[in-house]
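Me: Can you walk me through this one? I'm new to it.

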Amino acid sequence: PRVVGQRPDWLFDPSRRQVHLPGDTQTLSPLAARLLTCLFEATRTAAGCASLEHLALTVWGITEFHPLRDSKRVHVAVRRLRTVVEADASRPVRVLTMDGGYALGVNALPGRVEERQVS
């Protein structure tokens, strides 16, 4: 595996569902790993942010987004993810709330382990 981009402040390894934080390594639940994978994919888009609808459709595999039910589901999952990846979940720097969704913070530069493509 290799790390893509600049030297990260923290690292996500999706194949092992692990988050490597300064001085600590945590294993994520399958749901949290899917959520974090979706947030990393959103960084590759122009918006750099994943909407609540996109997260619900992608992470839970639902076919229709219901704002009242599914927004709460996303908020709870992000709160649980923050308890793992943030030093203080009430003052996040790694998983940020954006207008209508969530994004990875740029002040705590994230990195992701990518599997090498064998030719």
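This is a predicted model: local features need pLDDT of at least 70, side-chain atom pairs count only at pLDDT 80 or more; totals for chains, interfaces and linings use all residues.

Me: Start inside. How many residues does the largest nonpolar core have?

Reply: It has 28 residues. Leu36, Leu39 and Leu81 have the most contacts inside this core.

Me: Which helix gives the largest share of this core?

Reply: Helix 1, with eight residues. Other elements supply at least two residues each, among them helix 2, helix 3 and strand 7 (101–104).

Me: Back to Leu81. What is it in contact with, leaving aside neighbours within four places in sequence?

Reply: Leu28, Ala32, Leu35, Leu36, Leu39 and Val95.

Me: Now the helices. At what angle do helix 2 and helix 3 pack?

Reply: About 80°, with their axes 9 Å apart. Angles of 65 to 115 degrees count as roughly perpendicular, so helix 2 and helix 3 are roughly perpendicular to each other.

Me: Which residues make the contact?

Reply: Helix 2 (residues 52–60) uses Leu52, Leu55, Ala56 and Trp60. Helix 3 (residues 67–85) brings Asp70, Ser71, Arg73, Val74, His75 and Ala77. Six residues of this contact are nonpolar, two are polar and two are charged.

Me: And the sheet? What is the strand order?

Reply: The order is 5-7-6, in an open sheet with antiparallel pairing.

Me: Why is one side of strand 5 and of strand 6 left without a neighbour in the sheet?

Reply: Because both stand at the edges, each with a single partner strand. Strand 5 pairs with strand 7 over two bridges. Ser51 stands opposite Gly101 in strand 7.

Me: What lies across strands 5, 6 and 7?

Reply: Helix 1 does, running at about 75° to strand 7.

Methods
Residues are numbered from 1 along each chain as its sequence is written. Side-chain values use heavy atoms; hydrogens and water are left out. Axes are lines fitted to C-alpha atoms, for helices over the stretch in contact, and angles run from 0 to 180 degrees between N-to-C directions. Helices (H or I, at least four residues) and strands (E, at least two) are DSSP runs, numbered from the N terminus. Angles under 35 degrees count as roughly parallel, over 145 as roughly antiparallel, 65 to 115 as roughly perpendicular and the rest as oblique. Contact means heavy atoms within 4.5 Å. Ala, Val, Leu, Ile, Met, Phe, Trp, Tyr, Cys and Pro count as nonpolar, Asp, Glu, Lys and Arg as charged, and the others, Gly among them, as polar. A nonpolar core is a set of buried Ala, Val, Leu, Ile, Met, Phe, Trp, Tyr and Cys residues joined through side-chain atoms within 4.5 Å. Buried means under 20% relative accessible area, exposed over 50%, partly exposed in between (1.4 Å probe, protein chains only). Two strands pair if DSSP finds at least two bridges between them.
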